[in-house]
Amino acid sequence: MTDITRDRVLNLIHAYGGDPARWPGAEREAAVARLSGDPELARAADEARALDLALDALPMPHPSPTLRVRLKDIPESGSGLLDLVAGWIGLWRPAAGLATAAALGVLIGIADPSLPLPGFGTETVSVQSVETADTDTYSLAAASAVGFAPQDTF
Amino acid sequence: MTDRSQEDPDAALMPRIADGDAAAFRALVDRHADRLLAFAQRMLGDRATAEDVVQDTYLSLWRKAGDWAPQARVSTWLYRVARNAALDRLRRVRPTVDPEDAGLIDPGPAPDRRLDDAATADGVRAALNALPERQRAAIVLVHYEGLSGAEASAALDISVEALESLLARGRRALRQALADRRLELLGDSR
């Protein structure tokens, strides 16, 4: 049995009430022993028991069978729709981001057609062809690679 | 805190719930729903809102069972979730006390005794509702739900010393409120 101070027993009574069964198990035996030889502590415990009895006058709330049924439905219905929505948002989040960015791009383009396309500057670059022996072959291959037809002229 | 998974009968159910096992989930409904409802109703003083709180608590359990750590008992974790849900609602609107609450059990004693008990119950209900939320939660968990100091402090996420301070202050305020009410009743009967 551990030793316990009188103040600690008083604290237990004030916090947990007059019923030693509610006191912390590790201190209970020592506290009860201390209590039995101290009329002032015993009086404090009696007063606390009076409050315990008053608190017990508050009836126990009824269980709710209908609530219990609703709770047991949660795995099937309660969170199913929410999980589905959450999963859908998770799955489509990247696509939604791309779609939003594309829509913003279109809107900005419509609002201000003078804005340059990504990767293109606003300055006009003039290209002059230089006639060399292999220019035609090189130019046609390069033009074809970027989508120009052979008849297009530079 | 120590690992309580070995001594907590609910602990084995949590990984199963995290894996989507509905039977394990329903076992925890059977074990704890009534006590959580009683706790929420005493915290809020309102039956319908208390049922919403319990519903929210079990939705959290179904979705977040994987977050549970075995350092706390499952029941303690559920009380903590329920308390936070109740706190959210208390912050939104302060519920009124309904003495005619149909959700309360009538123990059915003799008529005179029933009147005395009803008056005392009304006084206790009003005094509890007048307490600061933390003191009320501490009293409800320890006195009504029968949690130990260690369990209640874990549910409230505070130290045992802080819990005992809340309990002592709460009980002092209740004793004073009930004494004032008794004087009122005596005054009315003169």
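Two residues are in contact if their C-beta atoms, placed from the backbone, lie within 7 Å. This is a predicted model, where local features need pLDDT of at least 70 and side-chain atom pairs count only at pLDDT 80 or more, while totals for chains, interfaces and linings use all residues. Residues are numbered from 1 along each chain as its sequence is written, and chains are lettered from A and ligands numbered from 1 in the order in which they are written.

**View 1. Chain A has helices but zero strands.** Chain A has seven helices, and from the N terminus on its elements run α-α-α-α-α-α-α. (Helices are DSSP runs of H or I with at least four residues, strands are runs of E with at least two, and both are numbered from the N terminus.) Take the contacts in chain A between residues at least 6 apart in sequence: 57% of them join residues at least 24 apart. Of the 154 residues in chain A, 12% are buried, where buried asks for 20 or more other C-beta atoms within 10 Å of a residue's own, with C-beta atoms placed from the backbone.

**View 2. Here chain B touches chain A.** Chain B brings 37 residues to the contact, and chain A brings 26 residues. On the chain B side, the elements giving two or more residues are α2 (22-44), α3 (47-64), α5 (111-130), α6 (133-144) and α8 (160-189). Who gives the most to this side? That's α2(B), with nine residues. Sorted by class, the chain B side has 20 nonpolar, seven polar and ten charged residues. (Nonpolar covers Ala, Val, Leu, Ile, Met, Phe, Trp, Tyr, Cys and Pro; charged covers Asp, Glu, Lys and Arg; the others, Gly among them, are polar.) For the complex, the predictor gives an ipTM of 0.80 and a pTM of 0.69.

**View 3. Zoom in on α3(B) and α4 (residues 74-92) of chain B.** Their axes, which are lines fitted to C-alpha atoms over the stretch in contact, come within 9 Å and cross at roughly 130°. Residues making this contact include B:Val53 and B:Leu61 of α3(B), plus B:Leu78 and B:Arg89 of α4(B). By class, the contact has eight nonpolar, three polar and two charged residues.

View 4. Over residues 95-111 of chain B, pLDDT stays under 50. Where pLDDT is low, the predicted coordinates should not be read in detail.

Definitions and conventions: Axes are lines fitted to C-alpha atoms, for helices over the stretch in contact, and angles run from 0 to 180 degrees between N-to-C directions. pLDDT is the predictor's confidence in each residue, from 0 to 100.
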